[in-house]
Amino acid sequence: MPVYKSLATLPLMIQNEYPNLEEGMVFGPLLENDTYKMFKVSGVKEDSVYTARASHILFKAASQSDEDLATALADCKKVLNEIKNGADFAEMASIHGTDGTKTRGGDLGWFNEGQMVPEFNDAVMGATSEGLLSSPVKTNFGYHIIKLNDVKTGSTIVISGPLTS
């Protein structure tokens with residue numbers, strides 16, 4: 001029986017082709033651990049578990065004091081307004097981000113519903129169109145500016161492979 005996988009668990013070269021994935025598509029060769037691999041999409045179907053792709057810029061407060069939280073929120077809103085006025089999201093993430101995604105322009109890649117903290121998950125999975133969310137999202141990590149790169153999808157994929165050489 002074929003095993004369907006969410007986009008979040010597929011090789012990056014296949015993830016990057018969403019939403020153009022079709023049965024029969026072949027990807028590769030991909031060099032991984034001194035082995036070339038090829039993949040073939042053997043099936044696509046919808047599932048009840050959603051996957052989405054987003055980027056973020058995290059603003060951490062120095063402490064949980066009201067003053068530090070207010071400063072983090074003010075900084076977050078300032079950068080959000082800059083982005084709304086045309087600043088490049090990825091560039092702002094590399095300058096202002098406070099987590100490991102800053103080196104990737106804030107890109108979190110694809111992730112499954114429920115994988116992120118509830119407030120972040122709800123904001124991303126509740127969005128109905130791609131683009132910048134209009135206001136910061138507060139989580140236990142701090143304040144996030146979120147850009148939805150791909151809206152949630154229930155698409156799951158069966159891949160044959162890796163076909164190695």
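Reader: What is the mean pLDDT of the chain, and where is confidence lowest and highest?

Author: The mean pLDDT of the chain is 91, and 96% of its residues reach 70 or more. Confidence is lowest in α1, at a mean of 80, and highest in α3, at 98. Where pLDDT is low, predicted coordinates should not be read in detail.

Reader: How many helices and strands are there, and in what order do the elements run?

Author: The chain has four helices and seven strands. Starting at the N terminus, their order is β-α-β-β-α-α-β-α-β-β-β. The C-alpha trace spans about 55 × 35 × 30 Å along its principal axes. Of the 165 residues in the chain, 37% are buried.

Reader: Why is the pair of Y18 and W110 called edge-to-face?

Author: Two aromatic pairs are counted in the model. In the pair of Y18 and W110 the ring centres are 5.1 Å apart, and the planes stand at 85°. The centres must lie within 6.5 Å for rings to pair, and planes over 60 degrees apart count as edge-to-face. Both conditions hold, so the pair is edge-to-face.

Reader: What makes this pair a tie between parts of the chain that are apart in sequence?

Author: Y18 lies in the loop between α1 (12–15) and β2 (26–32), whereas W110 belongs to strand β4 (residues 107–112). The pair therefore ties together parts that are 92 residues apart in sequence. W110 has a relative accessibility of 7%, and because buried means under 20%, W110 counts as buried.

Reader: Why is the pair of F111 and F120 called tilted?

Author: The ring centres of F111 and F120 are 6.3 Å apart, and their planes are at 55°. Planes under 30 degrees apart would count as stacked and those over 60 as edge-to-face.

Reader: What makes T51 a buried residue, and which side chain does its own side chain contact?

Author: T51, in strand β3 (residues 35–59), has a relative accessible area of 0%. This value is under 20%, so T51 is buried. Its side chain makes a polar contact with the side chain of N112, at 3.0 Å. Beyond its neighbours within four places in sequence, T51 is in contact with residues including W110, F111 and K152.

Reader: Why is N149 also called buried, although its relative accessible area is 17%?

Author: The cut-off is 20%, and 17% is under it, so N149 counts as buried. N149 is placed in strand β7 (residues 142–164). A polar contact of 2.9 Å links its side chain to that of S55. With neighbours within four places in sequence left aside, N149 is in contact with R53, A54, S55, D107 and E130.

Reader: Why are M38 and D34 given other labels?

Author: M38, in strand β3, has a relative accessible area of 33%, which lies between 20% and 50%, so M38 is partly exposed. D34 is found in the loop between β2 and β3. The relative accessible area of D34 is 77%, which is over 50%, so D34 is exposed. D34 also has a positive phi of about 60° although it is not a glycine.

Reader: How do you know that the buried residues of α3 are on the same side of the helix?

Author: The buried residues of helix α3 (residues 89–96) are F89, M92 and A93. They cover an arc of only 105° around the axis, which puts them on the same side of α3. At the start of α3, a side-chain oxygen of D88 comes within 3.3 Å of the backbone nitrogen of A90.

Reader: Which residues does each cis peptide bond join, and what is omega there?

Author: Y18 and P19 are joined by a cis peptide bond with omega of about 10°, and P19 lies in the loop between α1 and β2. The bond from G28 to P29 is cis as well, with omega near 0°, and P29 lies in strand β2.

Methods
Residues numbered from 1 in each chain as written. Heavy atoms only, no water. Phe/Tyr/Trp six-rings, centres within 6.5 Å; stacked < 30°, edge-to-face > 60°. Helix = DSSP H or I, 4+ residues; strand = E, 2+ residues; numbered from the N terminus. Buried < 20%, exposed > 50% of the residue type's maximum accessible area, 1.4 Å probe, protein only. Polar contact = N/O pair within 3.5 Å; in protein donor to acceptor, adjacent residues only side chain to side chain. Contact = heavy atoms within 4.5 Å. Arc of directions from axis to C-beta. pLDDT = per-residue confidence, 0-100.
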